[in-house]
Amino acid sequence: MLFQLFDHPWPPFPFVSVMILRYSLYAVKGELDMSVSPGRTIRVGLALVLVGSTLSVAAQTATARIVTAANTFLSKLDEKQRQSVLFAFDDEKQRARWSNLPVSMVARAGLGLKDLNADQRAAAMALVSSALSPRGFEKVEQIVEGDELLKTKGGNNPMFGKDLYFISILGKPSERLPWMVQFGGHHLALNITIAGERGVLTPTLTGAQPALYTLDGKTVRPLGQESDKALALLNALDEGQRKQAVLGFQTADLVLGPGQDGKTIQPEGLKATAMNDKQRAMLLDLISEWANIIHESAAGARMAELKADVRETWFAWSGPTTADPGKNITAYYRVQGPHLVIEYAPQKLGGDLSMHVHTMYRDPTNDYGRGLTVK
Amino acid sequence: MKAMLIAAAAICLVLEAPLSAHRLDEFLQATILSVEKDHVQASMRLIPGVAVSSAVIATIDSNADGVISEAEKWAYARRVLGDLSLSVDGIRLGPKLVSVDFPQVEQMKEGLGEIHIEFTADLPQGGPSRRLILENHHESRSAAYLMNCLVPRDRDIHIVAQHRNEQQSFYQLDYVQADAASVSSGSEWWRGVSRWTSAGGFTSVFRLGMRHIAEGTDHLLFLLALLLPAPLFVVVSRWAGFAGVRQSLVRILKIVTAFTVGHSITLALAALGFVRVPSRPIEVLIAVSILVSAMHALRPLFPGKEAGIAAFFGLIHGLAFATTLAQLGLGRWEQVAGILAFNLGIESMQLIVVAAIMPSLILLSRARAYGAFRMGGAMFAGIASLGWIAERLLGVHTPVDMVANSVAHHAVWIAAVLFLISLAGWSLTDKQLLLSEPISPPAITRT
């Protein structure tokens, strides 16, 4: 089946590029060893061409792949479905039509998965997957599975479940002009802007309830790393740093949740200038849990940007500074930099703060890729 | 929709809401302030949870007709404003409603409705350094408050600090504000510094430096313990009698200057990012420095070398000062001015403390009882430092911080009482002795 190909974004690709790179390295090494070899120029030239073409193919692939997946998905829809899935690229209302709430409570536009047949649904998921990294897509699947549990354990509660996720496309899928894919429902809002080779994931909301569950005998924590890495960073701080990082007040919810686009609040907590290199690396690793949801080449560019900003990035914590082993933290935290706001907000609802969390990932300067698309 | 509502209600009530998605028994009230030169704006989001929404709706829908009329919306918004208290520099402000936006009643019943209220308040003319306080008491029994402020759009406004109580019902915003007219010409660096300075950044960081010493019991204790034996001379490796006014003053001046030179060097180096040392070992070393100076006050360990010791430990204290300065998040060109301001603040407070304590020490040191006083002070500093070392090294909790802070809180009174006692002691002894040259100590031990 064709869509199976898209489930994982072109799996042989990384393997092939590693092979090519390795060959190029050998070629260059050969050049060093046999400096008078007549084949030297040819080998070096060949290596350069190979490296160059690998890079250019890698750069082209992501967007081209997503565009292909989008067009495949669109081609499987009838005219009426196509009309409801497509929006204008600059449709501000549709851009902001996302929430952490169940679909029954805050209606989403676009096409609901429940209104798609198996083939169309697979194509829709292939499109989402093509724009994400394997780990990013796995996270999405785990969040959706969690919601399915809310449905089945709630006596087939019609408010939740896999069917209630929506997909929409803003603008025309293009390798040059900017366009957007949105996918979301309860506890999930992916806003993916594709602009040429660039890919932007902000703003994106991820959430989990239950934040810990067992599926097919495996323990799943959709946002477990977000919790564990933050706690590890907190524990790596010394007393003085911790005093600055831990805020002396309760934070009941996201400050910049749905509907709060484009706002930059005054940062607080511990600034990373006051961290050592290891702590800063841990901070970046924590940030990567969100930055790496999008496909690898976009994530690479994003991480480079965030790394350049790291000294201007703040880490603030509010709430208990310990967690039960194997469970999520019950504290709120925020990571904020010049191009970044991450919030992790455990939710009281359900009785156990460690079992229900909402997180927000923003770039106040580039929500919906505005920084790339506004001239 | 009705079926959905029933389903939602069923989950909330029957399963006691382990599996739902909206707010339950809290009334979330999130306020974001935005400060401009002549006014402050605020946007509030009010989201009553499902368990409290009917009560909230009842207070809004005053005629209980099930519909929230335009008049009822504005009346409710005014009531919310009435439950706020907003002030700047102690002057109460009168917020004015800008917009009011209500969700559907049905949405609110489900705990989903967001009420949006925007208001604005004019700010009276004031100094460059301003303090804005917002308190929210609306529906305090069920409220979960959030208070924040936006990064000011106006680049002349620089936020210095935010303070909140645990519930976030109290919010204090300290900021400095430059007058655009005072921006002088010159290089960008100099413009930045002069703008920051004229904005009151200099004074507020200066004050921060003073407060840092006044409240930083450990820095003070180190210095005081070192000064304790300064008026004495040494006889056979023991502290003996009074060494004379002039010699005492010279020594004190040397010690304080050496300490200042030491901590200025490392403060500058660390604040500018040339050195970075983890704060924990620094905190431990500071406690050790107190222990060393306390032991020196008991028995002379390094007579005549106090200034060198003060300079050496000053280097360590300076690294701790830098941490405080780093918290401010000053811009690059503000940093140099910031270091200067902070250091001057530290120096001034130090001088105030020394000026307040030294006359007493010089007067007292002539008395026999000074030995007991010196021992007592040294023991206090020594025990405090041991407590701090244990706390900072092993993470155990000791009452040291509490005791030392409560002593520091009453510092003015203690200094005053000390001065009175020393005056009393002095008036009872032979004044001639004090003002005359000291009793010549044996030549071998003269320091």
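Predicted model: local features only at pLDDT ≥ 70, side-chain atom pairs only at ≥ 80, totals over all residues.
Two strands are said to pair if DSSP finds at least two bridges between them.

- Strands of a sheet pair through backbone hydrogen bonds, in either a parallel or an antiparallel manner.
- Strand E1 (residues 27-35) and strand E2 (residues 39-48) of chain B run antiparallel and are joined by nine bridges.

**A:Lys139 and its surroundings**

- A:Lys139 belongs to helix H7 (residues 134-153) of chain A.
- A:Lys139 counts as buried because it has 24 C-beta neighbours inside 10 Å, where the cut-off is 20 or more.
- When neighbours within four places in sequence are left aside, the contacts of A:Lys139 are A:Thr206, A:Pro222 and A:Ile293.
- A:Leu223 is 84 residues away from A:Lys139 in sequence, yet their C-alpha atoms are 7.5 Å apart in space.

**Cis peptide bonds in chain A**

- Most peptide bonds are trans, and most residues other than glycine have a negative phi.
- The bond from A:Thr202 to A:Pro203 is cis, with omega near -5°; A:Pro203 is in the loop between strand E6 (198-200) and strand E7 (204-208) of chain A.
- The bond from A:Gln209 to A:Pro210 is also cis, with omega near -5°, and A:Pro210 is in the loop between E7 and strand E8 (213-215) of chain A.

**Positive phi values in chain B**

- B:Asp89, a residue other than glycine, has a positive phi near 45° and lies in the loop between strand E3 (84-88) and strand E4 (91-92) of chain B.
- B:Asp89 is classed as partly exposed because 13 other C-beta atoms lie within 10 Å.
- B:Gln168 has a positive phi near 65° and is likewise not a glycine; its loop connects strand E9 (157-164) and strand E10 (170-177) of chain B.
- With 23 other C-beta atoms within 10 Å, B:Gln168 is buried.

Terms used:
Residues numbered from 1 in each chain as written. Chains lettered and ligands numbered in written order. Helix = DSSP H or I, 4+ residues; strand = E, 2+ residues; numbered from the N terminus. Buried ≥ 20, exposed ≤ 12 C-beta atoms within 10 Å, placed from the backbone. Contact = placed C-beta atoms within 7 Å.
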